[in-house]
Amino acid sequence: MIFKYGVPYSERFEDVYFNRNEGLSESRYVFLEGSNTPDRWGGRDVFVIGETGFGTGLNFLASWHSWRNTHCRPQRLHFVSVEKHPLSRDDLIRCQQCFPELEALYRCLIEQYPLDPSGFHRLFFDEGDVVLTLCFGDVERVLSDLRVTVDSWFMDGFSPTKNPEMWAPSVCSRIAALSAKNTVLSTFTAAGQVRRNLESAGFKVRKEAGFGSKREMIVAEFREDSTSEKTPWFSWPSCGRKFQSAIVIGAGIGGCQIAARLAKRGLQTTVIERNAAVASEASGNYHAVISPKISADNGGSSQFYRQCFNFAVSELTREASSDLWQSCGVLQLIKDDRSRSRWQSLRSRPHSDYIFEVLDADAASTRAGVRLREGGLFFRGAGFVLPSTWCRHLLQHPDIQVVGNTAVDTVRPHGDGWQVTANSDSETGCREFFADLIVLANGNHNALLNLNYAPCMPVAGQTSRVAANPVSGNLSCVLDHSGYVLPAIDGWHTIGSTYDRDSYATKPCKEADRRNLLQQVQNLPGVFSRHDDIGDHHAATRFVSPDRYPFAGPVIDESYCAEVYGDLGHGRHWKTYPTARFIPGLYLLTALGSRGFTTAALCAEVLASQICGEPVPVPASIVENTHPARYLIRALRKNATT
């Protein structure tokens, strides 16, 4: 982007981003007034605006400004925008100067604006009541990946003659598929081909007077029902009922994250924990490392962890104090020829420099503060958090009640909601709890409900504390090798972790301490020795699924789905399948494994968004990869073809 004629100018499309003299007035006239959005959003709990072409963020900021200054407005405004060629943060700083009226809002946007110009990013403003979901990528692909129902569409972008892909028939069809009945779309263009594309997609199109010297513009209303989903077995329950209360079982990082998000959306939330304190088991380590998991092929797992990492860091930067969250960076060291080859293959990956840099041994040693034999990947925005303190922070909301020392015995439907029976260590003995919905966030959901189609397995792990020595005390970032080590805090390093599959061991032992220290000695010679003092330790069992993705979603009706999807493996693409059937009000957020503090925040946001009928902040592929029904669907496909 450059500035030309005093406004931002795209050399790629040879056009300005907005009207030089009346950009804000045009945005309000064409999009807000054209779609009649401020009159239609009044009294709504949630209102969703979709946009093609985020550009300088002008339409979002105009909508946010209007929301702030409208008395009758939705409780929660979602703005979902697609952009293939995102501007940089520096570009937005220059654009801010064009609109003094929006200067304060621009500053808020710039502060949170993502550095990573790929993937989906969710930003929160005005205490979370205004939510911006930025989707960076090709418009047709992104629209195919979105899980959202839009109330108003702002069809923006450069003119159809300069950027025809933005206005293609396939794009209009995808917009229609994401529209509710009576959704209104507005756009500055009145091009005949755009009008015909929208009509073919199911919109009733009319021309209105354009802004300023533009004679006409298009306003269109969607009069049909949206098209069916491609994968109805991975759908979610419809949100015809507004939930008022929730029970969350488990006060680890998963339970704390989903409780915080449900409470922010107005649900009275009770968290039931069998221990006396939150974060007592797998979430109870001294420190938790926040870092992505990157693979050479940039497959689904890499994209999932990258998006989880971006979301977690954004939240910690926004909400956590400096003594709670340390963004010191994480250096993943080269361990062998295989990892060396993988690191080198990552050098040429698009946008990789926004997440990591590849360092040789000398550069890695300088960055780490200690002498290293090998280099590796340095993740600049990564770091570590204090788990129990962070979990307690998440639960500090007036609509959250934490009930400790209480072990859940049974969960069962009760009327339109759920009943939980639990035994308390206090004098109250057996207790009963009632709520509209329940979220199992207790690590191993099968301890309460035997869901054969959602398998998880135990992995025991122990972390240890080792005394800093004159060399290790200089360590300035987290080192990740076969294990990991954190910089010294109050004279002690946190090291770990053992990883014992199919083990429920929860008692710390000296043998695990020895293994943790030996990992450091072998991978960091000259930094640690076998004679360094070991102090405290923490052991717990975490649960993982076979494919290492968490379970975050609704519990399905297994028998119904097995019946209606039993022929999936026969390749009957012509067949229209019904949407899945679910156990009403029952959800999972479990199997977070050893990276729960990296993944829990985004998984909880996905789950809370679906429960409350809001846009989902991830592509459809992530929804499917974390859906509790995924193993059942795989089995049905396999059984039908064998």
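**Close-up views of a predicted model**

**View A. Arg 548 sits in the loop that lies between β30 (534–544) and β31 (551–556).** In this predicted model, the phi angle of Arg 548 is near 70 degrees, a positive value in a residue other than glycine. Arg 548 is partly exposed, since its relative accessible area is 27%, and a residue counts as buried only under 20% and as exposed over 50%. Between the C-alpha atoms of Arg 548 and Tyr 560, which are 12 residues apart along the chain, the separation is 27 Å.

**View B. Tyr 560 belongs to helix α15, which spans residues 558–564.** With a relative accessible area of 15%, Tyr 560 is buried, because the cut-off for that class is under 20%. When neighbours within four places in sequence are left aside, the residues in contact with Tyr 560 are Pro 578, Thr 579, Ala 580 and Arg 581.

**View C. Helices α9 (residues 253–264) and α16 pack against each other at an angle of about 35 degrees, their axes lying 8 Å apart.** The crossing in which α9 passes α16 is right-handed. On the α9 side, the residues that meet α16 are Ile 253, Gly 254, Gln 257, Ile 258, Arg 261 and Leu 262. Their counterparts in α16 are Gly 596, Phe 597, Ala 600, Ala 601, Ala 604, Glu 605, Leu 607, Ala 608 and Ile 611. Sorted by class, the contact of α9 with α16 has 10 nonpolar, three polar and two charged residues.

**View D. Ser 609 is located in helix α16, which runs over residues 596–611.** The relative accessible area of Ser 609 is 0%, and the residue is therefore buried. Its side chain reaches back to the backbone oxygen of Glu 605, at 2.7 Å, and Glu 605 is itself among the α16 residues that meet α9. Not counting residues up to four places away in sequence, Ser 609 touches Arg 122 and Arg 265, together with Glu 614, Pro 615, Val 616 and Pro 617.

**View E. Gln 307 is part of helix α10, residues 300–319.** Gln 307 is buried, its relative accessible area being 8%. The side chain of Gln 307 reaches the backbone oxygen of Phe 120 at 3.4 Å.

**View F. Helix α8 (residues 192–200) has the buried residues Val 194, Asn 197 and Leu 198.** These three lie on the same side of α8, because they cover an arc of only 95 degrees around the axis. The elements against which the buried residues of α8 pack are the strands β8 (150–155), β9 (179–187), β10 (203–209) and β11 (216–222), along with helix α7 (169–177). After α8 comes Gly 202, and the phi of this glycine is positive, near 110 degrees.

**View G. Glu 221 lies in strand β11, one of the elements against which the buried residues of α8 pack.** The relative accessibility of Glu 221 is 19%, so that the residue counts as buried, given that the cut-off is under 20%. The side chains of Glu 221 and Arg 223 make a polar contact at 3.5 Å. Apart from neighbours within four places in sequence, Glu 221 is in contact with Asn 182, Thr 183 and Val 184, and with Gly 202, Phe 203 and Lys 204; Gly 202 is the residue with positive phi that follows α8. Ser 35 is 186 residues away from Glu 221 along the chain, yet the C-alpha atoms of the two are separated by 8.9 Å.

View H. Asn 405 is placed in the loop between β20 (400–403) and β21 (406–414), and its phi is near 55 degrees, a positive value in a residue other than glycine. Asn 405 is partly exposed, with a relative accessible area of 30%. Ser 497 is found in the loop between β28 (492–496) and β29 (500–501), and the peptide bond leading from Gly 496 to Ser 497 is cis, with omega near -10 degrees.

Methods:
Residues numbered from 1 in each chain as written. Predicted model: local features only at pLDDT ≥ 70, side-chain atom pairs only at ≥ 80, totals over all residues. Heavy atoms only, no water. Helix = DSSP H or I, 4+ residues; strand = E, 2+ residues; numbered from the N terminus. Buried < 20%, exposed > 50% of the residue type's maximum accessible area, 1.4 Å probe, protein only. Polar contact = N/O pair within 3.5 Å; in protein donor to acceptor, adjacent residues only side chain to side chain. Contact = heavy atoms within 4.5 Å. Arc of directions from axis to C-beta. Axes fitted to C-alpha atoms, helices over the stretch in contact; angles between N-to-C directions. Left-handed = near helix turned anticlockwise from the far one by under 90°. Nonpolar A, V, L, I, M, F, W, Y, C, P; charged D, E, K, R; others polar.
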